Amino acid sequence: VYWGESNIVEVNGFEVPTAFISGGGEVCDGETASITIDLTGVAPFIVNYTNGTEEIEITTSDSQLIFQASEGIYTLISVVDGNYTANISGEAIVTYLDTPTALLSGGGNVCGDDTIELQVALTGTAPFTLTYNDGTNDITVSDIAGPTYAFQATAGQYSLVSLTDANCPGTVEGSASVTHSEIPTAIISGTATICSNETATVVINLTGSGDPLDLVYTDGISNFEVTTSESEYTFEASAGVYSLVSLKSSNCEGEINGEAIVTVSDSPTAFISAGDPVCVGEAGLITIDFTGTGSWTATYTDGSIETTITSASPSYSFEAVSGTYTLVSVSDNLCTGTVSGSATIENVESPTATISGGGAVCGKDLVTINFTFTGTGPWEYSYKQGKSTIMATSENSTASITTNQLGTYTLLSV
């Protein structure tokens, strides 16, 4: 059948439109990624896509659609251009990276110039950049390999300010308190010399934080434990060498120093004695001998009157005419001592001498002159013969001479 030329219809062909979605990637939590939809065909385009949760429809005349997307799996549902439904393909996935975290822990007390270690536990992808505050200043540390960062801290209140890892900023938490305590000190002193049965006061001077201090000292044989809050601790000590063993406060080990040596001195003694007998009316010598550490103070008595003397010499003497002397007490620079002895002045009768004999002589005859003594020999005596004085000694109570020299013989002394 022929219809004629006027019934001819021209049919034109169009390419099938296409739509391809791409982009996305890993982003930090809360951030977005760029997604691109490339379109071919005849505008306008009606684009329907989903983020895996909801459907979104956009109409555009552009051949490329770019938008920012949060986490999700983005796919095309349908695309229609001005003529046809497009062929769709592609996928864009936006994934949130794990947010890095930092957790601060540690703290405690430090003594003196000591420090304490604080630790920051890290999660995320290294390297990390961490900023913390010591209570006064912010300190930033970079290129941390993780997963733990540790640092030495002095006294202060520590907190974390910020954290970033290789990809994202992170979250921080935790705090650490570092307190400071003085190092307590103890110095022992009190070296002394004491008398027997006495004690010396040993002193321990203490410094610290005001807390009770646990102190251990020794006498060289035994240890003694003390707890005190005072700045000075004293105790009475017998003979020994005293030193400190340890010192602790509630927080810190202390520093110890010093030594106290207590020595017992020998008690002084005093012994009184008399010298040789003396003649009646003459003074005899009495001596007091001391032992110990001078000077000495002694008190003696004659039975009626007490007399106190001081001597820098270990021997003290005085004269007495008669009587018996005893010691009452003695002390030296350190101690009171013991006394002994007795001193009696012994009097002896004065010696006498009598001369007799002589007589008349004829020619060359001799006469005898006799000397008779009383007392204790030997005797020294002198006599006068004429104008001459003659000195003589006799071991016996009698002595004599024979002579023919005329004259008068006179006894002078004995």
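User: Which cysteine forms a disulfide with C195?
Analyst: The partner is C335, and the two sulfur atoms are 1.8 Å apart. Please note that this is a predicted model.

User: Where do C195 and C335 sit in the chain?
Analyst: C195 belongs to strand β19, residues 192–195. C335 is found in the loop between β33 (324–331) and β34 (338–341). The pair thus links distant parts of the chain, 140 residues apart.

User: What is the handedness of the link between C195 and C335?
Analyst: The torsion about the S-S bond is about -105°, so this disulfide is left-handed.

User: And is C195 buried or exposed?
Analyst: C195 has a relative accessible area of 6%, which means that the residue is buried, as the cut-off for that class is under 20%. C335 is buried as well, because its relative accessible area is 2%.

User: How many disulfides does the structure hold?
Analyst: There are three. Counting the bonded cysteines along the chain, the pattern is 1-3, 2-5, 4-6.

User: What about C28, which cysteine is bonded to that one?
Analyst: C28 forms a disulfide with C168, with the sulfur atoms 1.8 Å apart. C28 is in the loop between β1 and β2 (33–40), while C168 is in the loop between β15 (156–164) and β16 (171–173), so the bond ties together parts that are 140 residues apart in sequence. The link of C28 and C168 is left-handed, with -95° about the S-S bond. Both C28 and C168 are buried.

User: And which residue does a disulfide join to C111?
Analyst: C111 is joined to C252, at an S to S distance of 1.9 Å. C111 lies in strand β10 (residues 108–111) and C252 in the loop between β24 (240–248) and β25 (255–258), so parts that are 141 residues apart in sequence are tied together. The torsion about the S-S bond of C111 and C252 is about -100°, so this disulfide is left-handed. C111 and C252 are both buried.

User: Then there is C362. Is that residue buried or exposed?
Analyst: C362 counts as exposed, because its relative accessibility is 55% and the cut-off for exposed is over 50%.

User: Changing topic to the sheets. What is the strand order in the sheet that holds β19?
Analyst: β19 belongs to an open sheet of five strands in the order β19-β26-β24-β21-β22, and the pairing is mixed. Its edge strands are β19 and β22 (223–228), each of which pairs on one side only. Neighbouring strands in this sheet are turned by 25° against each other on average, direction ignored.

User: How many bridges join β24 to β26 there?
Analyst: Three bridges join β24 to strand β26 (residues 260–265), and these two strands run antiparallel. As an example, G240 has V262 in β26 as its bridge partner.

User: What order do the strands have in the sheet of four strands?
Analyst: That open sheet has the order β23-β20-β18-β25, again with mixed pairing. β23 (232–237) and β25 are its edge strands, each pairing on one side only. On average, its neighbouring strands are turned by 20° against each other, direction ignored.

User: How do β18 and β20 run in that sheet, parallel or antiparallel?
Analyst: Strand β18 (residues 185–189) and strand β20 (residues 200–207) run antiparallel and are joined by five bridges. Within this pair, I188 stands opposite I204 in β20.

User: Now the surface. Which residues form a nonpolar patch with F14?
Analyst: V42 and Y84 form the patch together with F14, and the three have about 280 Å² of accessible area together. F14 is placed in the segment before β1 (18–27). F14 counts as partly exposed because its relative accessible area is 47%, between the cut-offs of 20% and 50%.

Note on methods: Residues numbered from 1 in each chain as written. Predicted model: local features only at pLDDT ≥ 70, side-chain atom pairs only at ≥ 80, totals over all residues. Heavy atoms only, no water. Patch = residues over 30% accessible without salt bridge, like charges linked within 9 Å, V, L, I, M, F, W, Y side chains within 5 Å. Areas by Shrake-Rupley, 256 points an atom, 1.4 Å probe, with all protein chains shown as cover. Salt bridge = Lys/Arg side-chain N within 4 Å of Asp/Glu carboxyl O. Buried < 20%, exposed > 50% of the residue type's maximum accessible area, 1.4 Å probe, protein only. Disulfide = S-S within 2.5 Å. Pairing = 2+ DSSP bridges. Axes fitted to C-alpha atoms, helices over the stretch in contact; angles between N-to-C directions.
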